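Here is a short tour for someone meeting this structure for the first time. Take a look at the sequence and the model, and then we'll walk through them together.

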Amino acid sequence: MSMIYLAMFNWGWVLASAVVGLAMGWIAVVHRGRGWSTMTLRKVAVLIAALILGSVFHLAPGRAGYWLDLGLVMFAAYVLGCAVGSWLRSLVVARHTAAG
C-alpha cells in the first residue's frame, strides 16, 4: 500500500493517534514499579519487527495489508506523540523546579 494513499485518506486517524500519544506522554507519571521482563520485551520487539517486515514485503494482501499498514503508521504516530509529550512535560517540570 502506498504511504501517500495512507497519508491522503487517513490523515485524520494518524493525526488523532499522534494527539492521543501526545496527551498520554504528557499525563503519564513515571512508574517506578516492576517493568516488563527482558524476555517479554524481546518478544514484543520481534513481533513488531515481523509486522513491519510483513508490511514491507506485502505478505498480507488486500484489505488485511491495508489495515496492517494503517495500524503500523498509527502506532508509529502514537509512539512519537508519546515521546514528544513526555519530553515537553519534562521541560515544563524542569523549568518549574528550577524556578521554585
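Predicted model: local features only at pLDDT ≥ 70, side-chain atom pairs only at ≥ 80, totals over all residues.

Which residues are buried in α2? They are S17, G21 and G25. These residues sit on the same side of α2, because they cover an arc of only 65° around the axis.

The protein chain has an average pLDDT of 89, and 91% of its residues score at least 70.

**The overall picture**

The protein chain has four helices and zero strands, so along the sequence you simply read α-α-α-α. How does its radius of gyration compare with that of a compact globule of 100 residues? The globule would come in near 13 Å, but the protein chain has 17 Å. Along the principal axes, the C-alpha atoms fill a box of roughly 55 × 35 × 15 Å.

Of the 100 residues, 17% count as buried. As for contacts in the protein chain with a separation of 6 or more, 83% of them come from residues 24 or more positions apart.

Helix α2 covers residues 11–27, which makes 17 residues, and from its first C-alpha to its last it reaches 24 Å, close to the 24 Å expected at 1.5 Å a residue. Helix α3 has 19 residues and reaches 27 Å between its first and last C-alpha, close to the expected 27 Å.

What happens just after α3? There H58 takes a positive phi of about 55°, although H58 is not a glycine. This residue lies in the loop between α3 and α4, the helix running over 62–99. H58 is also exposed, because its relative accessible area is 53%, and the cut-off for exposed is over 50%.

**Some partners along the way**

Now for a few residues and what they touch. N10 sits in the loop between α1 and α2. Is N10 buried or exposed? N10 counts as buried, because its relative accessibility of 7% is under the 20% cut-off. Leaving aside residues up to four places away in sequence, N10 touches Y5, Y66 and L70.

One of those partners, Y66, turns up again in an aromatic pair. There is one such pair by the rule used here: Y66 and W67, with 5.5 Å centre to centre and 70° between the planes. That pair counts as edge-to-face because the angle of 70° is over 60 degrees. Y66 is itself buried, with a relative accessible area of 18%.

Back in helix α2, A18 and M24 are worth a visit. A18 counts as partly exposed at 24% relative accessibility. If you again skip residues up to four places away in sequence, A18 touches A77, Y78 and G81. M24 is partly exposed too, with a relative accessible area of 36%, and with that skip in place M24 touches Y78 and C82. So Y78 is listed as a partner of both A18 and M24.

Over in helix α4 you'll find A64. Its relative accessible area of 47% makes A64 partly exposed.

| Pair | Along the chain | C-alpha separation |
|---|---|---|
| A18 and I4 | 14 residues | 18 Å |
| M24 and V46 | 22 residues | 24 Å |
| A64 and S37 | 27 residues | 31 Å |

Notes:
Residues numbered from 1 in each chain as written. Heavy atoms only, no water. pLDDT = per-residue confidence, 0-100. Phe/Tyr/Trp six-rings, centres within 6.5 Å; stacked < 30°, edge-to-face > 60°. Buried < 20%, exposed > 50% of the residue type's maximum accessible area, 1.4 Å probe, protein only. Helix = DSSP H or I, 4+ residues; strand = E, 2+ residues; numbered from the N terminus. Expected span 1.5 Å × (residues − 1). Arc of directions from axis to C-beta. Contact = heavy atoms within 4.5 Å. Rg over C-alpha atoms; globule rule 2.2 N^0.38 Å.
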